[in-house]
Amino acid sequence: MNVAYRTTTVGQVEVFYREAGPVDAPVILLLHGFPTAGHMFRDLIPRLVNRYRVIAPDLPGFGNTKSPPRGEFDYTFDNLARVVEGFIAALRLDHYALYIFDYGAPTGLRVALAHPERVTAIISQNGNAYLEGLSDAWGPWQTYWREPTVEHREACRDSLLPETIRDWQYLHGADPDRVSPDGFTLDIAYMARPGADEIQLDLILDYRSNIALYPSFQAYFREWQPPFLAAWGKNDPAFIPAGAHAYRRDLPDAEVHLLDTGHFALETHSEEIAKLILEFLARVISR
């Protein structure tokens, strides 16, 4: 299995992406979350490429995608979704399954709202779209959303610290012996780049726009009934299992699997998640 590492230009953004699998196979578009990039799929991609064309872009402000500095580009979820839409157009993808994780969920679901007829299926790995999926750990962010003062912005900076990324995002609720240090070490290095912290604080503030769109996402589920699989780390400190189960309210046929791991479930359960995806997609889409 050979992974190609490529770039394509979307407006002001040079999007870096990973691609593997037959060019004529059904597409799975993998959308990463915070604070990582497409490298989070490094163990999943090889398990899918025999049957699918797998594409994993780095979002603006993350990984190896090159985007303008703050002031020349607004780091909002609307703009992340616009870049992904432009990326899809540049690669001429007519139909695709969406794998949505963390920030990739509100980004990918905006794309689905814009072009619902193109989405063949949705796989959510701790990708939330319901209020009940939010844990009680969102206090500082919610305060910043309500009152976007300098003081409240600074209170959110703890989310960007190396120990928070390592211990809270990667290791919490996971078997530490199965979590490679490669992922969180690279994410910590990305976060240490000049200006990265302010970009992430902008996105933390704009996360409130995602909550406001939950009713629209849910209406999309009810109207279009996309085939849906949740493969969810049940020990996630941010997105709790109630968020996975909530999808069944609007998607009665949704498949929900809770895995005994944390937020970055692929770090410990890539084999299990790949098996769920392959069995699921074999039933709902064809080559």
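The backbone oxygen of Thr 36 lies 3.5 Å from a polar atom of the His 32 side chain. The backbone nitrogen of Leu 59 lies 2.9 Å from a polar atom of that side chain. A polar contact here is a pair of N or O atoms within 3.5 Å; within protein, one must be able to donate a hydrogen and the other to accept it, and residues adjacent in sequence count only if both atoms are side-chain atoms. The model is predicted: local features need pLDDT of at least 70, side-chain atom pairs count only at pLDDT 80 or more, and totals for chains, interfaces and linings use all residues. Residues are numbered from 1 along each chain as its sequence is written, and side-chain values use heavy atoms, with hydrogens and water left out.

His 32 sits in the loop between β3 (27-31) and α1 (45-48). Helices (H or I, at least four residues) and strands (E, at least two) are DSSP runs, numbered from the N terminus. Because its relative accessibility is 0%, His 32 counts as buried. Buried means under 20% relative accessible area, exposed over 50%, partly exposed in between (1.4 Å probe, protein chains only). Residues that His 32 touches include Phe 41, Pro 57, Phe 62, Phe 101 and Tyr 103, leaving aside those up to four places away in sequence. Contact means heavy atoms within 4.5 Å.

Gln 218 is also worth a look. Its place is helix α8 (residues 196-224). Gln 218 counts as buried because its relative accessibility is 13%. A polar atom of the Gln 218 side chain lies 2.9 Å from the backbone oxygen of Ala 129. Gln 218 touches Ala 129, Tyr 130 and Asp 250, not counting residues up to four places away in sequence.

Next, helix packing. Two packed helices are described by the angle between their axes and the distance between the axes. Axes are lines fitted to C-alpha atoms, for helices over the stretch in contact, and angles run from 0 to 180 degrees between N-to-C directions. Helix α4 (residues 139-146) packs on α8 at about 80°, with the axes 9 Å apart. The two helices are therefore roughly perpendicular (65 to 115 degrees). From α4 come Trp 141, Tyr 144 and Trp 145; α8 supplies Leu 201, Ile 204, Leu 205, Tyr 207, Arg 208 and Ile 211.

The axes of α6 (residues 162-171) and α7 (residues 181-191) come within 9 Å and cross at roughly 145°. Pro 162, Ile 165, Arg 166 and Tyr 170 in α6 meet Gly 183, Phe 184, Asp 187, Ile 188 and Met 191 in α7.

Notes
Parallel < 35°, antiparallel > 145°, perpendicular 65-115°, else oblique.
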